[in-house]
Amino acid sequence: MSYWQPEYETMDRDSLKELQLKRLKKTAAAVYNNVAFYQQKFSEAGVKPDDLKSLEDASKLPFTRKPDLRANYPFGLFAVPNKDVVRIHASSGTSGKPTVVGYTANDIDMWADMMARDLAMVGVGSEDVFQNSLNYGLFTGGMGFHNGIERLGAMAIPAATGNTARQLEMMQDFGVTVLNCTPSYALYLAETAEELDVTDKLSLRIGTFGGEPWSSSTRKELENALGIKAYDSYGLSELIGPGVAFECEEQDGLHIWDDHFLIEVLDPEGEPVAEGEKGELVLTSLTKEAFPVIRYRTGDITRLLEPECGCGRTTTRISRILGRADDMLIVRGINVFPSQIEDVLVGINGITDQFQIVLDRNQRRMDEITVRVELADIAFTGELKDLATTKKKVENELKSVLNIRTNVELVEKGTIPRTTGKAQRVIDRREAI
Ligand code: DLL
């Protein structure tokens, strides 16, 4: 086990709370004094930074949401003058303007520390050759990891995304031991390695995957296909980028760095859920200078786990992200999370793990859900040859988990577009009809 910053990773809860309160007061004062949006929100809520006497008082602070970032595009929420901002990142989003986030030199430095902690936590060290196959650019993934890899002293390969055959060649030629990318791209890389018959030539031992939801069954599949231990990596641009929470070697929940973030898990009314219950992750930054955020509604659904962890760290732990408050599909009144569908598909023989969910509204104005599933090569051999049986099996298993009838469309291998970044799993055509 290796700790990057044991003074924070194993801090006792009382000292941690004291540190959090000190940092919360500083952050609240910084946004109140420097950002018109926060000054107005604080006034509407009837609260001033000086009212923060204990950590519990954080609940008096107003929430921040994604539309607030859009409304203040591009630099309206920066708490320092532009001359102190050394970098920006932006996320494209599905509608309207992107959301822009900024960093001071200290922010970049602290981000690199957090990432180094994350990587040390899963056993990455200076001997490792680290292929970073996330997009470098406005997306936070590539550069965020890059700085952490260098900070830790591993050898960084800034492979970025695309050219999958070349990615596999680099892995062989450079003796890559750690791969970092989205889980969908990892699946694609594993599939291509098998097709090119190079899986045996890889020396990977660790995979760190994130940026989008994935399931524990996908973890098993990636671990078997690539001969690695695979870890979940969570983050979002608004809070810093990747590195907000990461699994440890126990693979039992993600540690959040609560010396940098104040963590709440809330119900839709904004009240804390009981321990262990599902709720929305709400985060406040405690150390950021350029772009601090107060009670940011991430939209990500998770649950708080017992803080004690086998690895010895005392930081707050959350479960893997169970879905998004706003990505949850409502089909005939039933809540459907794409991750539930993924879980079912991964366990069935004869199909690949590539899938797409298509939502339509029929002539009777009823929602129809179709799951497009790809057949694997083995689907045409032995007892699996009977495709109708495979289709029935997928339909039955989906029905038993989702409590709703789904149409299953079996499609040829390779039909569903592969991605080097985040996968597009849902095509919602209901509005168009
Ligand atoms: O995706 C940062 C990142 C890059 C994290 C690479 C990890 C690895 P955004 O583009 O702002 O930032 O998207 C953030 O992606 O609110 C979640 O909904 C989703 N997400 C990120 N990581 C995970 C994960 C980056 N491990 C949004 N599991 C978040 C589930 C995830 N969802």
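Helices (H or I, at least four residues) and strands (E, at least two) are DSSP runs, numbered from the N terminus. The views below show a predicted model, in which local features need pLDDT of at least 70 and side-chain atom pairs count only at pLDDT 80 or more, while totals for chains, interfaces and linings use all residues. Residues are numbered from 1 along each chain as its sequence is written, and side-chain values use heavy atoms, with hydrogens and water left out.

**View 1. The loop between β8 and β9.** Q251 is found in the loop that lies between β8 and β9 (254-256). The phi angle of Q251 is near 55°, a positive value in a residue other than glycine. Most residues other than glycine have a negative phi, and most peptide bonds are trans. Q251 counts as partly exposed because its relative accessibility is 23%; buried means under 20% relative accessible area, exposed means over 50%, and partly exposed lies in between (1.4 Å probe, protein chains only).

**View 2. The loop between β11 and β12.** R295 is found in the loop between β11 (278-285) and β12 (296-305). Phi of R295 is near 45°, again a positive value in a residue other than glycine. With a relative accessible area of 3%, R295 is buried.

**View 3. A cis peptide bond.** Y73 and P74 are joined by a cis peptide bond, with omega about -10°. P74 has its place in the loop between α4 (66-71) and β1 (87-91).

**View 4. The shell around the ligand.** The ligand is surrounded by 21 residues, and the closest are D232, S233, S237, D300 and K422; a residue is near a molecule or strand if one of its heavy atoms lies within 4 Å of it. This shell divides into 7 nonpolar, 8 polar and 6 charged residues. Here Ala, Val, Leu, Ile, Met, Phe, Trp, Tyr, Cys and Pro count as nonpolar, Asp, Glu, Lys and Arg as charged, and the others, Gly among them, as polar.

**View 5. Atom pairs between protein and ligand.** A nitrogen atom of the ligand lies 2.8 Å from an N or O atom in the side chain of D232. For G211, a backbone N or O atom is 3.0 Å from a nitrogen atom of the ligand. An N or O atom in the side chain of R324 is 3.4 Å from an oxygen atom of the ligand. On its own the ligand has 610 Å² of accessible area, of which the protein covers 92%; accessible areas come from the Shrake-Rupley method with a 1.4 Å probe. The elements that give two or more residues to the shell are α6 (140-152), β7 (229-236) and β8 (241-247).

**View 6. Strand β7 and its partners.** With 5 residues, β7 gives the most to the shell around the ligand. Of the 8 residues of β7, 6 are buried, so the strand is largely enclosed by the rest of the structure. Strand β6 (residues 206-210) runs parallel to β7 and is joined to it by 5 bridges; two strands pair if DSSP finds at least two bridges between them. In this pairing, G210 stands opposite S233 in β7. Strands β7 and β8 run antiparallel, joined by 4 bridges, and a hairpin connects them through 4 residues. The bridge partner of L236 is G241 in β8.

**View 7. R317 in strand β13.** R317 lies in strand β13 (residues 317-318). At 5% relative accessibility, R317 counts as buried.

Definitions and conventions:
Polar contact = N/O pair within 3.5 Å; in protein donor to acceptor, adjacent residues only side chain to side chain.
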